[in-house]
Amino acid sequence: MTEVDTPPRPGERVPRPGRWTRFVTARPRLSLLVALVLTALAVLAGSGVADRLGSGGWEDPAAESAYATKALEREFPGAQPNLLLLVDAGRASVDDPAVAAEARALTTRLAGEKGVTGVGSYWQGKSPALRAEDGHEALIAARVTGDESAAGRTLDRMAPHYRGAHGPVRVKVGGIVAVRHEMQTTIKEDLTRAELIALPVTLVLLVMVFGSAVAALLPLGIGIVAILGTNAVLRGLTAFTDVSVFALNLTTALGLGLAIDYALFIVRRYREELSAGATPSAAVGTTLRTAGRTVLFSALTVAVSLAAMLLFPQYFLRSFAYAGMAVVLLAAAAALILLPAALVLLGHRVNSLDLRRLFRRGREPRPAEGAAWARTAGLVMRRAPLFALGTTALLVLLGLPFLGVKFGTADDRQLPSAAESHVVQQHIREGFPGSPGGSLEVLAEGRATTAQYAAYKQRVAALPEVARVEGPLVKADTAYFTVQPGGEAVGDGAQRLVGDLRSLHAPFDTEVTGTAAVLVDTKHAIAERLPWAAVFIAVVTLLLVFLLTGSVLIPLQAVVLNALSLTAMFGAVVWVFQDGHLSGPLGFTSPGSIETTLPVLMFCVAFGLSMDYGVFLLSRIKEEYDRTGDHDEAVRHGLQRTGGLITAAAVILAVVMVAIGTSRVTNTKMLGLGIALAVLMDAMVVRSLLVPSIMRLTGRATWWAPAPLRRFHRRFGLSEGERDAPGAAGSGTTGHDEPALAAQSGGPRSV
């Protein structure tokens with residue numbers, strides 16, 4: 001039953017409800033019913049989404065290596081096997097007649113499987129690359145055709161028939177297709193566990209923040225709606241584009257975390273208005289006009305950061321952009337449509353079931369809200385130079401390990417050490433000559449004679465870093481050579497060898513592919529587009545923050561401080577995951593490098609989340625400055641009102657990300673734990689110490705803007721405060737009351 005508002009007192013000014021308030025609160029029961037129906041449909045639409053996601057997408061599809069890979073797959077299916085059967089003869093030799101007979105039978109049987117081509121084995125050509133140095137293991141290689149989904153289905157169908165004991169040998173299944181399929185399965189299982197961890201812990205934290213069980217359940221409910229909507233969004237995206245399975249983890253975390261954050265701010269502001277004596281309807285209107293607008297603005301800043309990944313060619317990154325933007329907007333929509341309807345129905349009952357009373361003794365007086373944060377703000381602003389220099393130096397110091405970053409590719413070491421495909425690849429790395437899965441393939445296109453092929457092969461063999469050259473295998477006017485690097489498959493030597501092969505003169509067209517070539521092309525694609533992505537994020541962020549504040553200096557501060565807040569994350573990623581510190585307690589195998597696309601993803605996500613909290617703090621400071629015109633008091637008041645809330649929101653989001661970080665897949669673990677660290681550093685160091693100290697040093701100049709920009713902000717800008725606030729004239733900005741980013745030419749409108 002909807003709580004009835006008390007009539008206004010005589011002479012009391014009651015704000016006129018605007019279109020947005022009327023839209024979301026006119027029929028709250030109908031709004032919630034429609035939401036329930038849509039959520040049920042989302043459950044149906046999102047079912048089975050994990051089975052439609054890919055586990056690759058790190059390559060540039062327009063690169064030379066991608067072209068050569070497709071050509072080799074078409075003309076020479078056996079050139080790049082993605083399935084490896086490790087045949088273990090135990091104490092016997094792989095050349096033992098009984099072992100060889102069984103291995104040949106397995107090879108023949110595999111060649112007859114549907115969806116498998118290019119089958120070869122050590123027992124056919126006696127290639128030394130396919131035989132372990134101790135003589136007890138050898139390989140059967142093949143290529144499973146089709147895309148990732150089709151290859152996964154083929155593997156599921158046939159792997160159980162090959163895995164295990166066969167007469168005198170035991171077989172383990174490995175190769176790229178097995179690694180990716182096992183990774184996909186592991187991520188799906190880990191996500192379920194992460195949700196089971198995150199939801200109850202989040203509920204406990206929300207009860208601690210709000211006290212009221214009713215108020216605590218509202219953000220959690222919005223978060224669950226966002227999770228279910230996330231799955232439906234991802235399922236829809238798979239019909240149009242490739243989507244990485246890693247997006248399932250991150251977008252679920254963002255959907256849950258941001259929905260809870262947004263709901264947290266809205267519920268907190270609503271309860272604040274109720275405590276000030278507002279009626280429930282008036283409280284909802286004020287909440288939407290202030291916190292609601294900030295939530296919408298914040299969602300746009302996060303979406304902008306994620307949109308930057310569309311500039312990169314890898315579908316691993318692009319799928320995060322598509323899914324991330326959709327999920328952020330979905331979380332904001334749930335918080336701005338469903339939550340106000342629920343608040344209208346609840347009224348003052350939002351404060352019901354105060355569980356904290358169970359732990360209070362008698363009627364002890366509670367400290368004033370935000371008193372500790374007010375004292376913190378006062379201390380920081382009195383010692384502003386010390387805090388500004390100290391926190392900056394600390395953040396720079398924490399980021400120094402990133403100077404030693406080494407970029408690599410994602411491989412089997414992403415999986416737990418006991419995973420079968422990881423075990424197979426580890427045996428190959430440690431026991432086989434060279435690296436059978438790490439060779440380079442040189443595609444030769446164009447008519448050539450046997451003598452020309454031979455001369456080219458000699459020049460290749462003479463290159464530094466070359467251990468062995470095999471081939472050519474010729475088919476009409478196309479041929480390919482297999483070049484085995486002398487060291488690590490993706491080491492510096494192998495990468496230099498890619499450049500040497502591409503610059504080597506030949507009487508025919510050549511294209512180089514292989515693991516090291518893919519890495520070189522990926523690094524080139526990232527480096528080529530990274531400046532454009534950084535400029536895009538910076539320019540749009542500057543514009544959005546200017547629209548919020550009307551200041552020229554604050555947007556510059558926001559961009560610089562946000563970037564500075566990420567240093568600890570990047571330093572920790574290198575120190576922990578590349579260098580291997582804490583690999584034992586965290587349960588992962590360090591590959592000695594960082595996957596090339598992952599820092600880009602982590603930057604875009606963490607920068608957006610940092611802006612999320614920055615917007616909440618700046619909007620409250622701006623509201624108070626417009627009201628009073630007192631810069632120092634506005635900073636102190638803003639931190640007092642939002643410091644605890646931002647910290648609580650950061651802790652809740654960090655809990656969600658840490659739950660994701662419990663994954664057994666290293667990249668997902670790195671993503672979850674790294675972003676959790678970035679969020680906590682931003683909330684507890686940057687927003688609490690660095691921002692107020694910097695704003696104290698810049699003083700009233702913080703709000704300066706040239707006259708043309710002030711006029712632009714009056715017409716198009718945003719503000720949480722009332723238009724006729726006392727401080728508005730001093731700031732040179734005016735507020736707008738509509739919670740949207742649309743330009744307006746008329747007078748102020750109410751929400």
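**Group meeting: helices, cores and a surface patch**

Okay, let's start with Ile337, which sits in helix H11, residues 315-346. Keep in mind that what we're looking at is a predicted model.

Now look across to Ala35. In sequence, Ile337 and Ala35 are 302 residues apart, yet C-alpha to C-alpha they're 9.2 Å apart in space.

Staying on that side of the sequence, let's go to helix H2, residues 28-46, where you'll find Val37. Val37 is partly exposed as well, at 45% relative accessible area. Val37 also belongs to a nonpolar patch on the surface, together with Leu30, Leu33, Val34, Leu36, Leu38, Leu41 and Leu44. Taken together, the patch has about 790 Å² of accessible area.

In soluble globular proteins, nonpolar side chains tend to be buried together. Here, the largest nonpolar core has 148 residues. Which residues have the most contacts inside it? Those are Phe246, Leu250, Tyr262, Leu601 and Ile675. Helix H9, residues 246-275, supplies the largest share of this core, with 18 residues.

Let's zoom in on Tyr262. If you leave aside neighbours within four places in sequence, its contacts include Val295, Ser298, Ala299 and Val302. Also among them are Val328, Ala331, Ala332 and Ala335, plus Asp612 and Phe616.

One last stop: there's a second, separate core of 36 residues, and Val94, Tyr122, Val173 and Phe432 are among its members.

Definitions and conventions
Residues numbered from 1 in each chain as written. Predicted model: local features only at pLDDT ≥ 70, side-chain atom pairs only at ≥ 80, totals over all residues. Heavy atoms only, no water. Patch = residues over 30% accessible without salt bridge, like charges linked within 9 Å, V, L, I, M, F, W, Y side chains within 5 Å. Areas by Shrake-Rupley, 256 points an atom, 1.4 Å probe, with all protein chains shown as cover. Salt bridge = Lys/Arg side-chain N within 4 Å of Asp/Glu carboxyl O. Helix = DSSP H or I, 4+ residues; strand = E, 2+ residues; numbered from the N terminus. Buried < 20%, exposed > 50% of the residue type's maximum accessible area, 1.4 Å probe, protein only. Core = buried A, V, L, I, M, F, W, Y, C linked by side-chain atoms within 4.5 Å. Contact = heavy atoms within 4.5 Å.
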